[in-house]
Amino acid sequence: MVSLSEQMVMTKSKSNNKSNNFFEKFANAATKFTGSSAAFISATAIVVIWAVSGPIFNYSETWQLVINTGTTIITFLMVFLIQKAQNKDGKAIQLKLNELIAAQQGASNRMVDIEDLSEKELDQLHKFYVAIATLAKKEADIHCSHSIDVAKQLNEIKVKSNKHFKKHDNESARSKS
């Protein structure tokens, strides 16, 4: 059974697919080619041919301008192609991570789509994880883990039930978060 949100995504994908289909295919093919050995060999061959042709053209300004213009244009276009590939890969990785978080029982669903948070909000989450790491260092079992939502609660229970924990350790962990 397909959910409503999945149906909406599929419908939207089909309509967007037609308009972006050519560019998407071209970008995928270009990305695949430019990352291949054949592309590197081709680029090397062009540079060697250009260098060998130097004496023929008396190392003129036009001869230099050909390689400079060619490499500038290719570099300019490659910046956008690389960025598109990175955006696509980044989105795919984020979706995979979101799926793992959503499927993992006990994981904090607050982590889904955190890439959309501001730098300040990400810094705040980082502080939570520093606090969790501090609490984890106090664990007798190195395989024990906590989510943001239950770390403090579990630590307070442990402090109350274990006499070897000092009261000020719990308070210092609270002040860091």
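Reader: How much of the protein is made up of buried residues?

Author: Good place to start! Buried residues are those under 20% relative accessible area. In this predicted model, they make up 16% of the 177 residues. The accessible surface comes to about 14300 Å², and carbon and sulfur atoms account for 63% of that.

Reader: How many helices and strands are there in the protein?

Author: There are six helices and zero strands, so reading from the N terminus gives α-α-α-α-α-α.

Reader: And which residues form a nonpolar patch on the surface?

Author: Look for Ile 73, Phe 76, Leu 77, Val 79 and Phe 80, which together have about 530 Å² of accessible area. One of them, Val 79, sits in helix α3, residues 61-103.

Reader: What does Lys 88 meet in a salt bridge?

Author: Its partner is Glu 24, at 3.4 Å from N to O. Again distant parts of the chain are linked, helix α3 with helix α1, the two residues being 64 apart. Shared partners join Glu 24, Lys 84 and Lys 88 into one network.

Reader: Is Glu 24 buried, exposed or partly exposed?

Author: Partly exposed, because its relative accessibility is 25%. Lys 84, at 22%, is partly exposed, and so is Lys 88, at 39%.

Definitions and conventions. Residues are numbered from 1 along each chain as its sequence is written. This is a predicted model: local features need pLDDT of at least 70, side-chain atom pairs count only at pLDDT 80 or more; totals for chains, interfaces and linings use all residues. Side-chain values use heavy atoms; hydrogens and water are left out. Patches are made of residues with over 30% relative accessible area and no salt bridge: like charges are joined within 9 Å, nonpolar side chains (Val, Leu, Ile, Met, Phe, Trp, Tyr) within 5 Å. Accessible areas come from the Shrake-Rupley method with a 1.4 Å probe; for residues, only the protein chains shown count as cover. A salt bridge is a side-chain nitrogen of Lys or Arg within 4 Å of a carboxyl oxygen of Asp or Glu. Helices (H or I, at least four residues) and strands (E, at least two) are DSSP runs, numbered from the N terminus. Buried means under 20% relative accessible area, exposed over 50%, partly exposed in between (1.4 Å probe, protein chains only).
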